[in-house]
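Trainee: I am new to this structure and would like to learn how to read it. Where do we begin?

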Amino acid sequence: MKKLMSVLVAGVMLFSLAACANKDDADKETSLNTTEEATTVAETSASDEKQETEASGPENASSDATTEDTSSESPENTQAHKEVLVVYFSATGTTKDVAEKIAKIEDADLYEIVPAEPYSDADLNWNDSNSRSTKEQNDSSSRPQIGSAAVSLDGYKKVYIGYPIWWGEEPRILDTFVESYNFDGITMIPFCTSSSSGLGRSGKNLEDRAGSGNWLDGKRFGAGPSEDSVRSWIEDLN
Ligand SMILES: Cc1cc2nc3c(=O)[nH]c(=O)nc-3n(C[C@H](O)[C@H](O)[C@H](O)COP(=O)(O)O)c2cc1C
């Protein structure tokens, strides 16, 4: 009888231990699920916030601009930004190279004006009087839309603004850009790249269309200038 009781007691203890272990596993699982849910919610709300930030452009930006997500490149998402900003548009990379050299020398932020509708090779054909770039340059009221997220100019004292020369002038998308912002209190420095033309009217056009900012004369570069030549231009400005 005693033996039977001992076997029964041992059986009950074993059962209780097993039940306890199962409960611990279940608790762990619940807590893992809860953590996973929390991460998902946090990610969702962060992405909601990002979308809201991207939706709000500069106060006077044209309402139908800025739809493409280039937020990772945009200084507006950088917590503490630099004192100098280099804005540029570059269809084939020449101006981009100069913009990056300026940004390196000046320890500046970079902002690329990305067209909402990218320019194809056919669009850039200056030998075709019906190409998109020719038609835009022939129409001084043309304002191609910008696809990159708007940039906040808060805190910048100096902004370089670069572009290729198209038919002796700034591409019309630069006019879209300068008409969308207020440059009060900012020194604006145009620079361009070209095959052979100078800055021409482009700097003055931008100043007139912006209607704000303290515009300097600006500078034309050929393709692939040395960092030293870019640096010596910048030093002469200061
Ligand atoms: C539509 C179009 C028009 C151009 N017009 C001129 C011009 O009037 N004078 C000039 O020297 N170069 C002209 N170019 C050449 C560009 O200015 C030059 O290649 C520039 O460095 C390109 O810069 P990006 O690579 O940043 O776009 C023109 C290029 C294009 C596509």
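Mentor: Begin with Pro-225, in the loop between β6 (219-221) and α6. Helices (H or I, at least four residues) and strands (E, at least two) are DSSP runs, numbered from the N terminus. This is a predicted model, where local features need pLDDT of at least 70, side-chain atom pairs count only at pLDDT 80 or more, and totals for chains, interfaces and linings use all residues. Residues are numbered from 1 along each chain as its sequence is written.

Trainee: Does Pro-225 count as buried, exposed or partly exposed, and why?

Mentor: A residue is buried if 20 or more other C-beta atoms, placed from the backbone, lie within 10 Å of its own, exposed if 12 or fewer, and partly exposed in between. Pro-225 has 16 C-beta neighbours inside 10 Å, so Pro-225 counts as partly exposed.

Trainee: Which residues is Pro-225 in contact with, leaving aside its neighbours within four places in sequence?

Mentor: Contact requires C-beta atoms, placed from the backbone, within 7 Å. On that basis Pro-225 touches Val-98 and Val-230.

Trainee: How are two packed helices described?

Mentor: By the angle between their axes and the distance between the axes. Axes are lines fitted to C-alpha atoms, for helices over the stretch in contact, and angles run from 0 to 180 degrees between N-to-C directions. Here α2 and helix α6 (residues 227-237) pack at about 60°, with axes 10 Å apart. That makes α2 oblique to α6; angles under 35 degrees count as roughly parallel, over 145 as roughly antiparallel, 65 to 115 as roughly perpendicular and the rest as oblique.

Trainee: Which residues of α2 meet α6?

Mentor: Val-98, Lys-101, Ile-102, Ile-105 and Glu-106 in α2 meet Glu-227, Val-230, Arg-231 and Ile-234 in α6.

Key:
Two residues are in contact if their C-beta atoms, placed from the backbone, lie within 7 Å.
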